[in-house]
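Good morning, everyone, and thank you for making time for this.

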Amino acid sequence: MTALLAVRDLDVRYGGAQRLAVRELEFTLDPGEVLGVVGESGSGKTTLGLALLGLLPEGATATGSVSFDGVELLGATEKRLRPLRGTQLSTIMQNAATALNPCFTIGSQMTALLRRHRKMSRSAARAETVDWLRKVGIPSPETRLRAYPHQLSGGMNQRVVIAMALALNPKLVVADEPTSALDVTVQAAVLRLLRTLIDDSASAMVLITHDLGVVAQLCSKVIVMNGGAVVERGPVAELMTKPKDAYTKRLLASLPARRAEVTA
Amino acid sequence: MTEPLLTVTNLRKEFHRTGAPHVVAVRDVSLTVNVGQTVAVVGESGSGKSTLGRMILGLAPPTSGTIRFDGQEITQLTGRARRALSRDIQVIFQDPYASLNPRQRVEDTIREPLDIHRVGTPDERRDRVTELMERVALPARYRRVYPHELSGGLRQRVGIATALALRPKVIVADEPVSALDVSVQAQILDLLAELQRETSVAFLFISHDLGVVHQISDRVAVLCQGELLEEGPVETVYSAPQHPYTKALLTAIPPADPSVAFEPITIGESRPLPENDPGCRFRQRCWLAEDICFTANPELTLRPSGVSARCHVSERAPEHWFTEATPARVGES
């Protein structure tokens, strides 16, 4: 079986910068797999996500290969990428408040997405939107359709963003810090939701995060990045219990003694 | 027993808005901080934890209640008298990118409090800056550098050196490590603990991160919608919380070990209750709520374990309220 996503020898450089932002990156992802990309600020993890999505800013140069379902994404034109976006390849951004358009209701944003890609009738798109909002745990979805993003909490907006990312049943979702902006109680609920949705769909996911707890809960395998390069990779259970690389060890040792497993 | 260093009694802050009901950001909160102690204030966004810190710093006037510091009531102090207090009460802010003057060199930033309070001679001030930079492990080569040339961790060290310059007795630290990477976070927490051992400075440590709080604090106070729901020694609160909200917060941290089951108690999102509501502030999100929780707000009572909590259910069975209760997951409704 060929991999859904195969990244080979990927280098990314911003403008005339000396250092590569991403260096000699290689990995493959099969359908249904969740890959965690862990690293601190400046490690290149977000740049990697942008490269996968074809969203690198102008002035950034990428070499190597990102092959998605047989299509080479590096250097692909907008025209080539557009039909893939949403239906094949989608994204969950960190900040729901900026990912949503403040001028339109969440209902109109989501029905527009469905109508554009699926050529649905207005009423069918509306019905499906309501279904999705219910699925991601938004109470009374029929009324929330008419809400603008500023009328919803950060957690609710993030649920809408997740619904929009998954609504077209994409083959790959790139999620960049999907729960980092949320309160811990809301994060817990959104993590559970993401886990259920991933289990129920055949989508693969690249989950970019600095939070090793999030990785432990959602990912099957993980790569650790430092200074643009992969320093360690492996199945999540193995990497987190028996890290080999010095940097991974340091990262794990930095975690505050977490006592989530309190027994009352 | 001698008086605590800092005593906050029934402190309240209301924000009044035109054409909308007023907001009670901090609801008659009482707590104390002793010399050399770290007291953490935890809560979600909107819980009032930062407002509490701002009132103690004199940055927001309380609506009612009192703040006593070092034997003196400071609630109403203004002007010169209040400024003199900043020798003893200092602050470390969350965002080292926003809280440093971008046009001031590192040494000038650290020196500024010494200049304002006219501490020592110019030579002595310069020596004190050297000493402070050493103390927070800022290499001397950064003396004449501007903040934009520094990483987040180094900037936060500048912030800490500045806060320490006047040898304060208490530092209000509002999310001092949440903008930092996890490995840098660990270094800064170690530095704060070390400074406390040496100087006996007390910290009021405001944070949303229960892992960080566990590492650094002696006592912890849990705020929700401005109300103090639980307070006590950190180990006791973490091992046997007396409030369902604290319990839910503790289970919400995803364990960084895939073999440990992650079973958060889902409590939905914070929604403010109307001001005249007589019941418990947490009951809409509580999976244990009973009839009485809708009609009477529980008092903060001291439990046998030494923890104070505000909950009817756990008050009745403080030893085994959680194991006896069957937590039905409450949804997002």
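Let me begin with a definition: angles under 35 degrees count as roughly parallel, over 145 as roughly antiparallel, 65 to 115 as roughly perpendicular, and the rest as oblique. The axes behind such angles are lines fitted to C-alpha atoms, for helices over the stretch in contact, and the angles run from 0 to 180 degrees between N-to-C directions. Helices (H or I, at least four residues) and strands (E, at least two) are DSSP runs, numbered from the N terminus.

What we are looking at is a predicted model, in which local features need pLDDT of at least 70 and side-chain atom pairs count only at pLDDT 80 or more, while totals for chains, interfaces and linings use all residues. Residues are numbered from 1 along each chain as its sequence is written, and chains are lettered from A and ligands numbered from 1 in the order in which they are written.

Let us start with a pair of helices in chain B. The axes of helix 3 (residues 106-116) of chain B and helix 5 (residues 152-164) of chain B come within 7 Å and cross at roughly 25°, and helix 3 of chain B and helix 5 of chain B are therefore roughly parallel to each other. The crossing of helix 3 of chain B past helix 5 of chain B is right-handed, where right-handed means that the near helix is turned clockwise from the far one by less than a right angle, and left-handed that it is turned anticlockwise. Helix 3 of chain B brings B:V106, B:T109, B:I110 and B:P113 to this contact, and helix 5 of chain B brings B:V158, B:A161 and B:T162; two residues are in contact if their C-beta atoms, placed from the backbone, lie within 7 Å.

Next, please look at the sheet in chain B, where four strands form an open sheet in the order 2-1-4-5 with antiparallel pairing; two strands pair if DSSP finds at least two bridges between them. Strand 2 (20-33) and strand 5 (72-73) of chain B are the edge strands, each pairing on one side only. Between strand 1 (residues 6-17) and strand 2 of chain B there are eight bridges, in the antiparallel sense, and B:L6 has B:V33 in strand 2 of chain B as its bridge partner. Helix 1 (residues 49-56) of chain B packs on the sheet and touches strand 1, strand 2 and strand 4 (64-69) of chain B, its direction making about 115° with that of strand 1 of chain B.

How do the two chains meet? The contact takes 38 residues from chain B and 36 residues from chain A. On the side of chain B that touches chain A, helix 6 (182-199), helix 7 (210-216), helix 8 (234-239) and helix 9 (244-251) of chain B each supply at least two residues, and the largest share, five residues, comes from helix 9 of chain B. Helix 9 of chain B is also mostly covered, since eight of its eight residues are buried; a residue is buried if 20 or more other C-beta atoms, placed from the backbone, lie within 10 Å of its own, exposed if 12 or fewer, and partly exposed in between.

Now let us turn to chain A, where six strands form an open sheet in the order 6-7-8-3-9-10, with mixed pairing. Strand 6 (89-92) and strand 10 (229-235) of chain A stand at the edges with a single partner strand each, so one side of each is left without a neighbour in the sheet. Strand 3 (residues 34-38) and strand 9 (residues 221-226) of chain A pair in the parallel sense over four bridges, and A:V37 stands opposite A:I223 in strand 9 of chain A. Strand 6 of chain A runs parallel to strand 7 (residues 172-176) of chain A, and four bridges join them.

I would like to finish with two residues. A:P170 lies in the loop between helix 7 (154-166) and strand 7 of chain A, and A:P170 counts as buried because there are 22 C-beta neighbours inside 10 Å. A:G234, by contrast, lies in strand 10 of chain A and is partly exposed, with 17 other C-beta atoms within 10 Å. A:G234 and A:L35 are 199 residues apart in sequence and 9.8 Å apart in space, C-alpha to C-alpha.
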